[in-house]
Amino acid sequence: MSASTHATRSAPQPLVVSSRLKTISMVFAFLGLASFVALLFMNKERAWHAYLTGYFYFTSLALGGMFFAAIQHLSKAGWSVNIRRLSESMASFLPVAFVGGVILLIGAPTLYLWLDKGAVAADHLLQHKSGYLNMTFFVIRLVAFFGIWIFFWNKIIGLSVKQDETGEEKITSKLTAFSVAFAPFFAITYSFFSIDLLMSLEPHWFSTMFGVYAFAGLFQSTLAFLVLLVIYCMKKGVLTGYVDENHLHDLGKFLFAFTVFWAYIAYSQFMLIWYANLPEETVFFIHRMHGGWLWVSASLIVFKFIVPFLALLPQRAKRNPNHLASVAVLILIMQYVDFYWLVYPNLDSHHVVFSIFEVLVWLGFGGAFLMTTFRFLSKNAIIPRKDPRQAESNHHHVVY
Amino acid sequence: MGIESLIEKISDKGQEGFAGIWEDEHQFVEAARKTREAGVEGFEAISPFPLHGIDEAMGIPRSFIPWVTFFAGLTGCAFGLWFTWWTSAVDWPIIIAGKPMWSLPAFIPVVFELTILFGALSSVGALIAICGLPKVEPPVIDATLSSHRFALFVPKKAKGFDQQKLTDLFKQSGATEVKETRF
């Protein structure tokens, strides 16, 4: 078959992270922190909105990395073994995300109207929702979510790393069991996490599809980041003999599928609300269909769906690393626009408020995310060492 | 007219040619490659199961069916847009829920489904057409080709057909049987 599958394989090693990359991620993290603090003094409300956007973005990527690894285990996938460690690395941001969540509690009264006692007292609907939307329960939920995620992170990533040393086949079946258990927990916790942090920004509004909308974006952007990570490691030559354009092809198909899935869910959420035309539901879209926000909404349709859809359609597009990488970058940018679009109309529903500060705060979380991800990769082999399904991944061949 | 003579009349007679039969799939894929390299074009490979790498060995280019799907999908999309506009805003305009006559969000599902319907049916249609299906009672080279053996069939009118050369080539590359046949 193709010559590339016969390339020589050296034993999988941890990634040697260049000092340049370490410096860049530290500079990002520092710049982000500095801009956040500066913003806090200039405009407290805006600072916390920027914080929430960046925080939710990278927490979602971390969970997405773990979710990707889990679905490989629970479907007993063979093709993905050689790229699984890269998705596992993304989850190492979770402990930082927990700390970030605790910090977010400081900003919560600035962000959430339902924490304003005066507003709740004057509003029947908010009183009605106060059984769920109150600080105590909010904190309990946040801690419970991270408790569950960090438990599964320990199991799903911890056991996978342990198998590198022991090579026990029993670990593979344990991983399947933990992943099966993780799936429903993930579905419920992430839905409520997105409801708590994002949907409750507009406490009068509710959408029964919000959780799945957030998930669609999470998985689309996770796949885009994973594609970039795989291509980065391929270009460094550390995946030679293990990962080639066949793996990229399947990742590209995944990315394509979840681009369509995101559009499907985004449209379904919009269509249900548009059709029923109930005031407490339409308020969300009315803000986003007027003034500058209309253009942000339109950009989501064009650049988060139509352009990636057409760009990923040809077979060659999914097998060409440079092409695939540029589509992945576009999707990651649009994922930021998506969260920005969810959060910022809460700050100003009439004007699009945007400056370098928003970018820097987001980059700050990005820097922390890259630091934890590459730290994990520099400590563990970047390819699982003794996975029983590895041969399947080494000889992965996509024919259509 | 009896049913048997009807079947006889519409049955596929195939074309005359020359076939080699292999027992081993790796030898078979190699033989296909050598046949192509010998300058033969337009030959067939018959296998009981899909073989990795046979397309490349035979030099079969990518199918054009994806293009059929793409343009049929576009047609379905355009038709859906036009048809929902014509039915609800031109031919029988009714105001529903106070919304505009032609409200795009309400019709996206229709447009979406028609895109898929046109794309899917055209792909299947194109596949059936280029495979020359349906074939009634086509000639069989050898019954074992549907269980465990593999055959290459070169039609007489194929480019580079030379029975003597093919006999040598097939036998050298491990064919256990060669014969003149129809397919």
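Tutor: Happy to! Let's start with helix H12 (residues 292-311) of chain A and helix H14 (residues 321-343) of chain A, which pack with their axes 10 Å apart at an angle of about 155 degrees. Helices here are DSSP runs of H or I with at least four residues, strands are runs of E with at least two, and both are numbered from the N terminus. Axes are lines fitted to C-alpha atoms, for helices over the stretch in contact, and angles run from 0 to 180 degrees between N-to-C directions. H12(A) is therefore roughly antiparallel to H14(A), on a scale where angles under 35 degrees are roughly parallel, over 145 roughly antiparallel, 65 to 115 roughly perpendicular and the rest oblique.

Before going further, please keep in mind that this is a predicted model: local features need pLDDT of at least 70 and side-chain atom pairs count only at pLDDT 80 or more, while totals for chains, interfaces and linings use all residues. Residues are numbered from 1 along each chain as its sequence is written, and chains are lettered from A and ligands numbered from 1 in the order in which they are written.

Back to the pair. H12(A) passes H14(A) in a left-handed crossing, that is, the near helix is turned anticlockwise from the far one by less than a right angle, whereas clockwise would be right-handed. From H12(A), residues including Val296(A), Leu300(A), Phe303(A) and Val307(A) meet residues of H14(A), among them Val327(A), Ile331(A), Met334(A) and Trp341(A). Contact means that the C-beta atoms of two residues, placed from the backbone, lie within 7 Å. By class, this contact has twelve nonpolar, two polar and two charged residues. In that count Ala, Val, Leu, Ile, Met, Phe, Trp, Tyr, Cys and Pro are nonpolar, Asp, Glu, Lys and Arg are charged, and the others, Gly among them, are polar.

Helix H9 (residues 210-235) of chain A and helix H10 (residues 245-276) of chain A cross at roughly 160 degrees, and their axes come within 9 Å. H9(A) is therefore roughly antiparallel to H10(A), and the crossing is left-handed. Among the residues that make the contact are Tyr213(A), Ala216(A), Leu226(A) and Val230(A) of H9(A), with Leu251(A), Phe258(A), Trp262(A) and Ile265(A) of H10(A). This contact has 18 nonpolar, five polar and no charged residues.

Ile265(A) is buried because 20 C-beta neighbours lie inside 10 Å; buried means 20 or more other C-beta atoms, placed from the backbone, within 10 Å of a residue's own, exposed means 12 or fewer, and partly exposed is in between. Apart from neighbours within four places in sequence, Ile265(A) contacts Met209(A), Val212(A), Tyr213(A) and Ala216(A). Tyr213(A) is 52 residues away from Ile265(A) in sequence, but 5.8 Å away in space, C-alpha to C-alpha.

Asn277(A) has a positive phi of about 60 degrees although it is not a glycine, and most residues other than glycine have a negative phi. With 11 other C-beta atoms within 10 Å, Asn277(A) is exposed.

The buried residues of helix H3 pack against H2, helix H7 (135-166), H9, H10, helix H15 (356-379) and helix H16 (390-394) of chain A. Helix H3 (residues 81-90) of chain A has ten of its ten residues buried, among them Arg84(A), Arg85(A) and Glu88(A). Ser80(A), in the loop between H2 and H3 of chain A, is buried too, with 25 C-beta neighbours inside 10 Å.

Finally, the core. The largest nonpolar core has 104 residues, of which Ala62(A), Met66(A), Ile156(A), Leu226(A), Val227(A) and Val230(A) touch the most other members. Such a core is a set of buried Ala, Val, Leu, Ile, Met, Phe, Trp, Tyr and Cys residues joined through C-beta atoms within 7 Å. Helix H2 (residues 44-74) of chain A gives the most to this core, with 17 residues.
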